[in-house]
Amino acid sequence: MKIKMKDGSIREAGFDEELGRNAFRHTTAHILAQAVKRLYPTAKCAIGPSIADGFYYDFEFDFSFSEENFAKIEAEMKKIVKENLLLEHFTKDRSKAAQIMEARNETYKMELLEELPEDEEISFYQQGEYLEMCAGPHVAYTSAIKAFKLLSVAGAYWRGDEKNKMLTRIYGTSFPSRELLEEYINRLEEAKRRDHRRLGKELGIFALSNEGPGFPIFLPKGMVLKNLLIDYWRKLHTREGYVEISTPMMLNRHLWETSGHWAHYRENMYTTVIDETDFAIKPMNCPGGMLVYKMEPHSYRELPMRVGELGMVHRHEKSGTLHGLMRVRCFTQDDAHIFMTPEQISGEIKGVVRLIDEVYTNFGFKYHVELSTKPENAIGTDEDWEMATDGLRTALDDLNLPYVVNEGDGAFYGPKIDFHLEDSIGRTWQCGTIQLDFQLPQRFEAEYIGEDGDKHRPIMIHRVVFGSIERFIGILIEHYAGKFPLWLSPVQVKVLPISDKYMDYAQEIEMALKKEGLRCEVDGRAEKIGYKIRAAQLERIPYMLVIGEKEVREGSVSVRSRDRGDLGGMLIGRLLEALCEEGI
């Protein structure tokens, strides 16, 4: 594709390249805006960027807009594509640009212009009668947009500020072929079928209540799942030489001022006053970890010191961003903090990377890695940041692990490595992270006695594997579509007696399986066996054991697998062998 850049130059880029993909979808957003202005001339345009998997455009309408308008808009968009309009690029000075936008009554564009320097040249793109103040890039002709679809409509405050007017945001996507678009739509439909909010309710894993928006309630089966993940986490960390601590849920303002959170994270913290002193419910575990480190002196011989904490944290999220278990206001971070000497940086980072790789591989996830560098609100010296960033980069290079540099997206106290895992339908989720921190040990004046007998400042790694246990559970629900592997299933086996007269034997089977550590239930309802089997299948139970007269007589069970169907009769001993081989 020919891509027209802001400076007027033309570059070649394919849809498989970020430049080409963004230009393609940004142009589709302009085609959407042009279609809207043709159909609804009084509509006002705000912004319309490309985003991951598509684009959106924000409008102000003088009527109640809904998805019922999509068909009409899409038809007009197809006309614009067929017109094969050239996207012409030119610039104007700010004064002239303001006149153009005022003449078109584009008040939102005028507001954006007011914030730009007076001597700045303003970039425009024009296709036919439609003119857009925009930095680009775009494809050269509208005919390049072969396949597109409008997906949804939502409300969006202008510039994300609740004090501003609520605009109408139209989401869409586009691809260079109808086949690619259909594949994407099918993935969206599959994602709806896997929605963890629906499955979580159906499977009795968690609930959301109006009494606590953003504060999920874990139900009995959800607690089984959560505890299985915690047990797995503890087993791995014990093996890797971590010790576990628990720090207070609430600490005073002085601590958060020392850590820097009061100045840099205050708007996301819940606060209260106790005995005329400001306190905050912890949004992060790390300052509490620093308190633990400082409770006694340390020698270089004790380092690295690996300290884990499954700490519940609370963060104020806007109500519009809450989403099931994926975006909540309280969650359990599987935190760990490693205190070390400068010489130990590379080895410790490599150890964490290997641990995260083991966990993700065990769950069947692929992943990619991003290295995030110094943000604008960073604390600390450039020298510290350069040393920390080089430490992370060197470890990744030594491991031959491919990564993308994400400029300016580090934490305010240090650079980080983020792990973005890919689920079974190709979506990516940011979970694990490794953050290298020179700042917090300095702020808390943490020390250790070096081999030379002098005091030295330790370096700190912050890292999580799951990220948040709640969010990881949401991801697992969707990744497996509720069909958890045997070891992770809240109920592994359901015993299904054909009638009440086989209940005694069913309960014997249940007790025998429970003695072997299996999570087992008996469905003793007065229902037909077909109903019970269907119910167990809807619950995604890995194994169903049907019991009738023959099974009682032979001391066996008739086994049905969730994934493989009818497996026939088995003696209990053989069944246990098979389940152990699968991993219970």
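Helices (H or I, at least four residues) and strands (E, at least two) are taken as DSSP runs and numbered from the N terminus. The model is predicted, so that local features require pLDDT of at least 70 and side-chain atom pairs count only at pLDDT 80 or more, whereas totals for chains, interfaces and linings use all residues. Residues are numbered from 1 along each chain as its sequence is written, and side-chain values rest on heavy atoms, with hydrogens and water left out.

S319 is placed in the loop between β18 (305–314) and β19 (330–340). This residue is exposed, with a relative accessible area of 55%; the term exposed denotes over 50% relative accessible area, buried under 20%, and partly exposed the range in between (1.4 Å probe, protein chains only). The C-alpha atoms of S319 and R564 are separated by 43 Å, the two residues being 245 residues apart along the chain.

A nonpolar core is defined as a set of buried Ala, Val, Leu, Ile, Met, Phe, Trp, Tyr and Cys residues joined through side-chain atoms within 4.5 Å. The largest such core comprises 57 residues, and F363, L436 and F472 have the most contacts inside it. Helix α11 (residues 345–362) gives the most to this core, namely eight residues. Apart from it lies another core, of 37 residues, which includes V36, F70, L85 and Y130.

With contact defined as heavy atoms within 4.5 Å, F472 touches L229, Y360, F363, F365, L421, C431 and F466, residues up to four places away in sequence not being counted.

Helix packing was described by axes, which are lines fitted to C-alpha atoms, for helices over the stretch in contact, with angles from 0 to 180 degrees between N-to-C directions. The axes of α7 (residues 220–239) and α14 (residues 469–479) come within 11 Å and cross at roughly 110°. α7 is therefore roughly perpendicular to α14, a class that spans 65 to 115 degrees. The crossing is right-handed, meaning that the near helix is turned clockwise from the far one by less than a right angle. On the α7 side the contact is made by L225, K226, L229 and I230, and on the α14 side by I469, E470, F472, I473 and L476. These residues divide into seven nonpolar, no polar and two charged, where Ala, Val, Leu, Ile, Met, Phe, Trp, Tyr, Cys and Pro count as nonpolar, Asp, Glu, Lys and Arg as charged, and the others, Gly among them, as polar.

The axes of α7 and α11 come within 12 Å and cross at roughly 145°, again in a right-handed crossing. Here Y232, L236, H237 and R239 of α7 meet L355, E358, V359 and N362 of α11.

How values were computed: Angles under 35 degrees count as roughly parallel, over 145 as roughly antiparallel, 65 to 115 as roughly perpendicular and the rest as oblique.
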